[in-house]
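Subject: Handing over the two-chain model

Dear colleague,

Here is the structure I promised to pass on to you. Please open it alongside this message, and then read on for what was found in it.

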Amino acid sequence: MTAAAPIPVTVIGGFLGAGKTTFLNRLLAAGTARYAVLVNDFGEINVDATLIERHDGTTLSLSNGCVCCSIGSGFLETLGGLLDGDARFERIVIEASGIGDPWRIAEIALVEPALRLDGVIVIADVRRIAQLIDDRRVGDTVRNQFAKCDVVLLSKSDLVTAAELDAARQAVLSVRPDVRIETLLRETMPDLSLLAGSRTSSRFRADGVADDALDHEENFRRWAYRRDGTFDRGRLAAAIKKLPQELLRLKGTCRIRGEAAPQIFQMVAGNWSLSPAGRDTSAGAGSIALMGVGTHDLPPDAELEAILDGALALDDALAHPALI
Amino acid sequence: MSQDTVVFSARRIVTMNPSRPFASHVAVRDGRIVAVGSLTELAGFAAGEVDQRFSDKILLPGFVEGHSHIMEGMMWSLPYVGAGDRRSPDGKLVAGVRDIDAIVARLKTAEAAIEDPNTPLFAWGFDPLHIGGHMLTRQDLDRVSKARPIMVIHASFHISNVNSIVLERTELLRATDISGVVAGEDGLASGELQGIAARFRVFRSLGGNPLSGNLTLADVSRYAASACIQGVTTITDLHNDLLDHTIELYQAATRQPDFGVRLVPALASVSNPPEQAIAKLAALRESNNDKLHYGIVKLVVDGSIQGFTARLRWPGYHNGAPNGLWYIAPEELPRIVDIYHRAGIQLHIHTNGDEATELALDAIEAAQTACPQPDHRHTLQHCQMADTALFRRMKALGVCANLFANHLYYWGDAHYELTMGPERAARLDATGTAQRIGVPFAIHSDAPVTPLGPLFTAWCAVNRISSSGRTLGRETEVLTVEQALAAITIGAAYTLKLDGMVGSIECGKYADFAVLEDDPLAVAPDRLKDIGVWGTVVGGHVKKAPSA
């Protein structure tokens with residue numbers, strides 16, 4: 001096992017022309033952290049020449065500590081090479097292809113111990129998104145990109161009226177009623193760690209700060225689950241199957257019996273995953289804090305809590321984390 | 001006449017040249033055919049004795065495989081565990097393994113032959129559909145070894161099965177919530193893996209992908225040997241990034257005087273933006289030689305039908321599976337096609353589903369309208385689900401099709417039952433429709449996805465029978481033997497714009513022959529695939545196929 005904490009990964013999705021490259025250009029130029037950015041096509045990367053320290057055809061090294069790698073036709077090789085290299089990055093940002101499913105890339109960070117999935121951001125062009133969602137040929141591809149993302153960034157909002165902006169927002173909500181939507185502004189660069197963010201600092205904050213999109217939607221109900229204790233992995237798997245389908249998403253941190261590291265739990269539409277949390281998570285030993293979002297007819301809290309309580313390890317005395 | 005002219009006699013020469021379809025003798029000089037006819041007609045060409053070595057053989061034009069991959073030459077370093085018999089490049093008949101026990105037994109033999117206990121065992125060619133739907137589980141593979149990592153790559157190349165040690169080392173045993181980590185009956189991973197996340201993790205753990213390393217001269221030689229065994233004298237490598245290393249290797253291999261096949265690599269569109277690709281091809285064409293023909297570009301629009309990644313028009317997949325994936329965005333394709341079309345580059349466009357075929361035709365129509373190119377010959381590769389109306393558009397636009405006849409046998413049952421249903425499966429790879437409408441077409445193997453062997457491919461198009469014995473559109477879509485032979489010779493040559501040089505036996509063309517033990521036009525059509533291949537003649541060089 002590697003001693004270093006896993007590197008957070010942000011995946012940037014969105015259809016062709018959504019504004020992914022513009023976003024990444026600004027990210028590289030801002031250089032607020034040592035980013036490694038993997039892009040599909042070097043051709044459109046346009047960083048201030050004074051920032052460029054080295055350009056060897058596949059990798060662009062910047063004086064602010066960031067690098068930008070061209071994926072070319074070998075994405076897995078490029079990412080593998082980055083992990084095997086000497087340079088240490090604070091975050092890896094991966095641009096998904098315009099017709100690809102960003103979640104498929106995000107899953108790499110869920111299975112690779114050297115990585116930690118921090119978030120999936122999908123960028124949508126406000127002028128086109130409503131039409132793309134219904135497009136005969138690409139509608140399914142576009143809708144699928146939103147299916148498991150953490151946040152949607154609306155781009156090019158300065159080119160439309162307020163009514164058009166709202167129409168774009170409604171189009172996205174028609175696909176993912178519970179998703180967080182932000183407007184990307186030209187003058188400010190959002191902080192990636194706050195945007196999609198390690199779970200405790202995103203919309204699943206344990207302090208329950210309201211989510212913008214949800215505030216506007218009265219058709220949804222939130223539910224928080226907190227326990228001092230640990231889950232048993234097998235019992236958790238069984239319990240999740242019993243959760244009602246009205247529960248759309250469930251996220252947060254927890255402990256699993258036999259695992260040293262706190263775990264990040266994510267569940268969307270019945271699909272769930274656990275991944276080791278980095279050092280920076282606030283999950284204390286033996287604590288479980290999950291936040292759920294469901295439809296308005298989500299069963300009462302007590303009913304939901306009973307289901308997850310069934311997943312708790314029976315004998316917490318045995319639950320001391322083993323040494324890794 | 002010339003001292004260097006050799007006259008071969010044969011039991012019969014089937015020329016595939018309609019103006020002189022049959023002959024008994026062929027004269028060869030400087031690697032090319034100088035005359036075809038009877039002994040009397042060729043008397044002036046024979047300086048000495050007539051070469052009688054083929055006097056009991058049948059000569060056909062060397063077969064042209066219009067869609068296969070150099071990977072066929074790389075696979076044979078790994079053990080084969082597919083259900084069908086296959087011929088290795090050294091001529092050995094490698095028997096198919098038709099149940100799980102037989103697969104485990106073959107893997108055990110291969111496992112015992114590896115000395116280093118840490119070296120992973122890779123194998124290839126498995127497909128559950130060919131052994132009655134039986135899955136290969138991690139428990140099956142644990143019977144081969146619990147200590148050595150094992151990975152079996154499916155015939156499709158998109159799925160693999162691993163043993164428990166691999167799942168434990170990669171911590172994927174419980175990761176069944178990850179796409180493509182398939183759960184077994186016990187809720188833990190079954191060992192079947194697909195998708196990039198599992199792929200990334202497993203290959204990092206195993207120390208690399210055995211098929212992604214640099215191509216070697218031995219791989220290229222094996223590819224040529226496999227071609228010789230099947231009577232193929234012109235072969236494509238229909239999707240290649242053409243990195244410098246590969247370019248140098250192809251250059252060196254094809255310059256060897258005895259190299260046994262003409263190689264037609266297609267530059268993969270994904271590897272370069274079109275403008276760069278066009279410049280690269282212009283440079284590459286300068287290095288073309290008799291046996292190396294650069295110039296074509298491959299585009300991949302969608303996935304595969306049996307993998308449910310092909311893009312289908314309404315009503316979609318027969319079993320209700322969601323529509324497949326675009327590999328090029330529909331709004332990007334017209335731009336890319338237009339750039340290549342204007343530059344006069346011939347495109348080979350992979351479209352499996354009919355929605356992808358329709359999109360490709362839309363793009364070609366727009367490009368052809370904006371900038372007419374009288375003989376572009378853009379070719380739709382696979383083009384498995386096109387209906388009659390789409391074939392009529394191909395005809396109108398001057399588009400060729402290279403149909404995947406081997407699919408009828410290998411996945412015909414899956415298409416009938418799951419992907420397309422009875423009606424559409426009956427016109428899968430509609431060779432009869434192409435013939436009736438007059439779309440220039442070829443048929444292919446996509447080796448190593450299915451075995452290389454044009455006579456088998458022709459047999460598929462003539463008999464249209466699945467591996468379980470079900471016939472698919474036999475009444476309307478079969479080819480005659482003559483038509484099928486044209487599709488594996490002059491028809492395929494036409495799709496590569498090489499029909500002036502290869503594909504028929506006539507004066508002026510390369511002296512490329514398939515040397516057969518029997519006459520395809522005389523045997524029963526259902527025995528076409530069983531005709532023995534003695535070897536080939538390539539540019540006048542006689543190549544006896546190795547046999548073991």
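Asp228(A) counts as exposed because 12 other C-beta atoms lie within 10 Å; a residue is called buried if 20 or more other C-beta atoms lie within 10 Å of its own, exposed if 12 or fewer, and partly exposed in between, with C-beta atoms placed from the backbone. The C-alpha atom of Asp228(A) is separated by 9.7 Å from that of Leu312(A), although the two residues are 84 apart along the chain.

Please keep in mind that this is a predicted model, in which local features need pLDDT of at least 70 and side-chain atom pairs count only at pLDDT 80 or more, while totals for chains, interfaces and linings use all residues. Residues are numbered from 1 along each chain as its sequence is written, and chains are lettered from A and ligands numbered from 1 in the order in which they are written.

Confidence in chain A

The pLDDT, which is the predictor's confidence in each residue from 0 to 100, averages 82 in chain A, where 84% of the residues score at least 70. Within chain A, confidence is highest in helix α4 (residues 129–133), at a mean of 97, and lowest in helix α8 (residues 212–216), at 41. The pLDDT is below 50 over residues 198–217 of chain A, a stretch that has 38 contacts in the model beyond near neighbours in sequence; two residues are in contact if their C-beta atoms, placed from the backbone, lie within 7 Å. Residues 316–324 of chain A also stay under 50, and the model has 12 contacts for them beyond four places in sequence.

Chain A and its domains

Chain A has 10 helices and 14 strands, and of its 324 residues 41% count as buried. Its domain assignment gives domain 1 (7–197) and domain 2 (219–323), with bounds that come from an automatic or database domain assignment. The centres of these two domains, taken over C-alpha atoms, are separated by 29 Å, and 6 residues of domain 1 are in contact with 8 residues of domain 2. On the domain 1 side, the touching residues divide into 3 nonpolar, no polar and 3 charged, where Ala, Val, Leu, Ile, Met, Phe, Trp, Tyr, Cys and Pro count as nonpolar, Asp, Glu, Lys and Arg as charged, and the others, Gly among them, as polar.

Chain B and the contact between the chains

Chain B has 19 helices and 22 strands, and 55% of its 548 residues count as buried. The contact between the chains takes 27 residues from chain B and 23 residues from chain A. Helix α5 (residues 196–206) of chain B gives the most to the chain B side, with 7 residues, and that side as a whole divides into 14 nonpolar, 5 polar and 8 charged residues.

An enclosed helix

Which helix of chain B is largely enclosed by the rest of the structure? Helix α16 (residues 454–463) is, because 10 of its 10 residues are buried. Its buried residues include Phe456(B), Ala458(B) and Trp459(B), and what covers them includes β13 (232–240) and α18 (481–487) of chain B. Arg464(B), which follows α16(B), has a positive phi, near 45°.

Most residues other than glycine have a negative phi, and most peptide bonds are trans. Lys156(A), however, has a positive phi of about 60° although it is not a glycine, and its place is in the loop between β8 (151–155) and α6 (162–175) of chain A. Asp30(B) likewise has a positive phi, of about 55°, and is found in the loop between β2 (22–29) and β3 (32–37) of chain B. Lys156(A) is buried, with 21 other C-beta atoms within 10 Å, whereas Asp30(B) is exposed, with 11. Pro448(B) lies in the loop between β19 and α16 of chain B.

With best wishes

Technical notes
Helix = DSSP H or I, 4+ residues; strand = E, 2+ residues; numbered from the N terminus.
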